[in-house]
Amino acid sequence: MAINSDTSSPTESSSTSAASSLDAFHPLYLHPSDTPGTMLVSIPFGGTSFGDWKKGMLILLSAKNKVQLIDGTLIEPIPNSQLYPHWQYCNNMVKAWIMNSLSKDIAKIILYYNTTIEA
């Protein structure tokens, strides 16, 4: 089941930003300590033990409430949605986390993907 990520209310004031309406449990919420340089797994994937790497990544992305960005259950909002900038930011953050958990040769490939679901 897909989750529509545009949860803004039609009665919401236009001066109220989507950021103020995102709580810590929203999949597009990023904690101030979340940075692109965060390495989620201790040993980068280099071509062997994919199952172990994948399991570790899923555990860590689940702990950060970001699995929906890679499994397709959180759909990309339309560009004029208030949540679109948040989706772009989270998409790029998760891409960076994935790239940081891969060997440099494999990470180069991910660099050219537009969305985390492609990675």
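In which loop does S49 lie? S49 is found in the loop between α1 (18-21) and α2, where helices, as used here, are DSSP runs of H or I with at least four residues, strands are runs of E with at least two, and both are numbered from the N terminus.

The model is predicted, so local features need pLDDT of at least 70 and side-chain atom pairs count only at pLDDT 80 or more, while totals for chains, interfaces and linings use all residues. Residues are numbered from 1 along each chain as its sequence is written, and side-chain values use heavy atoms, with hydrogens and water left out.

**Overall fold**

The chain has 5 helices and 0 strands, and along the sequence they follow the pattern α-α-α-α-α. Of its 119 residues, 34% count as buried, a term that means under 20% relative accessible area, with exposed meaning over 50% and partly exposed lying in between (1.4 Å probe, protein chains only). Among contacts (heavy atoms within 4.5 Å) with a separation of 6 or more, residues 24 or more positions apart account for 68%.

Helix α4 (residues 84-100) has 17 residues and reaches 24 Å from its first C-alpha to its last, close to the expected 24 Å, the expected span being 1.5 Å times one less than the number of residues. Its buried residues include W87, C90, V94 and W97.

Leaving aside its neighbours within four places in sequence, L28 is in contact with L22, K66, L74, L83, H86, W87 and C90, of which H86, W87 and C90 are buried residues of α4.

**Two loop residues with positive phi**

Most residues other than glycine have a negative phi. S49 has a positive phi, and N65, in the loop between α2 and α3 (68-71), likewise has a positive value. S49 counts as partly exposed because its relative accessibility is 49%, and N65 counts as partly exposed because its relative accessibility is 22%.

| Residue | Phi | Relative accessibility |
|---|---|---|
| S49 | near 60° | 49% |
| N65 | near 60° | 22% |
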